[in-house]
Structures are given as structure tokens and as C-alpha cells.
Amino acid sequence: MRIEGTDGVAEFRDNDVRFEFSAKAAKKKRASDITFPLNRIQSVEYRPGRGSEGQLVIFARGYSGHVGAASSATIVVGPHQAGQVFAASVSAAVGATKSVAEVNAERAAESAELARTYDQTVRRERQEVREDPATATFRGFSVRSGRLWKGTTASWPLGGADVHLDGTTSSRMSFGRMVGGAAVGTVIAPGLGTAAGAVIGASARRDTSRRFLSIHTSSGTITIEYTPAEESAARRFADSVERSAAVSE
């Protein structure tokens, strides 16, 4: 069964219903052709318009291009009698007895309930994290019950995790160590004198090194940057992560 209109063509085939949009309708709707498997269709309606055409509306879960989604799609076709026969035929084939509005309302209620359940689960987990004493903390991260936590919102499993400490040094720091002190003034700009050299040398000696603690888990890699002054704390935290990783394997 096939029905045409200004938006394109709707075709009822053996195992599916297909909307093929005209170029103009596809651009306007920002949609491509859609195939609805019959076993995914939950509701079909034809809504007559003022002229000879009306809207054919199908609500389906997981149709082509939207796997796992629950959504409706509309195409303008006609005439009215043909549109009503088309909708009735598809409804009979799939056993759809509810209107699109009813199905949408049911899905909205389901989504709201899922959102409430999710929020309750998140709040409970965050409360459990707050109540679970951390075995180690560093830079907003903590080790709790075999997991690495960032605050109370994100966590990663530590079973089998690898830990690496790494330090890098800026070129200015390296240059200062190689040339050093007042000699810099003489090497870079002969004639500036030792006063300029002392200023440059002081800048070169300033500690600009950076340190990184990387934790490779089964769910991703977390990199924590820290200062040289925090080296001991970083190593203690890394040791705690390694112990938890070994116990959690």
C-alpha cells in the first residue's frame, strides 16, 4: 500500500512502513527517509487537514536511524480517505490501539519516573561516598572502597590499575641549569654586564617544573597535575592507589 503527498511517499510493506521525503520536505524537516519495522510501531494516526491532505503520524521505538529511541515522525499525504485507510491498515497489522498522544504521555511518565529513580540513586551513592572514610586523598581525589573518586560525582574502579609519577621541566629551567647565574648575561648579550646577567639568572633558577600523577584504570586514565612541593603527598597517594588496586583485583 502506497500513499503520496506534498511531503513525499508513505509505503506499507510486508515488514515495515517507510517514509520517503521529498527533497524540499527533507530539508525543511532536517530528516532523511525513515523505515519503521512493524514490530516497533506503537501507534498510527491520520489527522485530516483543511485541504485534501493531512498528517500521517507514526510513533515507534527504535526505528531506522534512531535505534533505542522512542519518537514520532510525521509526513503530509492524502487524500483523507486514503490516509485513513492507510493508518487503519497499519494499526490492524501491528495491533496499535492507542493514539500517538496517549503513547507520548505514557513515555513521558516513564521518562519522569526513570529520572526520579536515577536522581535518588545518585543522591544515595553520593551520601554513601561521604559516609565512607577515604583511605587517602589528594587534589580533590580520594580512594574509597576500591574506587578512585573525584569529589562525590565521578569514580573509576581501581582493580588492576597502574600508577605512574612523571615530572617535566620547562626549557627556561633547563637553560638556567646549563648556563647559570651571571654568566647568562655575558653569553646572551655581551656588554650588558653582570647586573643584567644576575636578573636573568634569577629568573632561570626559579622552579618552573611540573609534575603529573597518572592512574590508568579499566574505565580510563586520570591525570593529576601537582607542584614539586606536593611530591611527597603525591607519592603517598600513589602508594595508596597501588595497594587498593592490588586488593581489588
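Which exposed residues does the face of α2 turned away from its buried side carry? That face carries Q81 and A92 (exposed, over 50% relative accessible area; buried, under 20%; partly exposed in between; 1.4 Å probe, protein chains only). The model is predicted, so local features need pLDDT of at least 70 and side-chain atom pairs pLDDT 80 or more, whereas totals for chains, interfaces and linings use all residues. Residues are numbered from 1 along each chain as its sequence is written, and side-chain values use heavy atoms, without hydrogens and water.

Helix α2 spans residues 80–94. Helices (H or I, at least four residues) and strands (E, at least two) are DSSP runs, numbered from the N terminus. From first C-alpha to last, the 15 residues of α2 reach 21 Å, close to the expected 21 Å (1.5 Å times one less than the number of residues). Its buried residues are G83, F86, A87, V90 and S91. Seen down the axis of α2, they fall within an arc of 125 degrees, so they line one face of the helix. The arc is taken from the directions from helix axis to C-beta atoms. Their cover includes β1, β2, β3, β5 and β6. Just after α2, G95 takes a positive phi of about 70 degrees.

S214 lies in strand β13 (residues 210–217). S214 counts as buried because its relative accessibility is 15%. Beyond four places in sequence, S214 is in contact (heavy atoms within 4.5 Å) with D162, V163, H164, I222 and T223.

The protein chain averages a pLDDT (the predictor's confidence in each residue, from 0 to 100) of 77. Over residues 66–70 the pLDDT is below 50. Residues 169–206 stay under 50. Where pLDDT is low, the predicted coordinates should not be read in detail.
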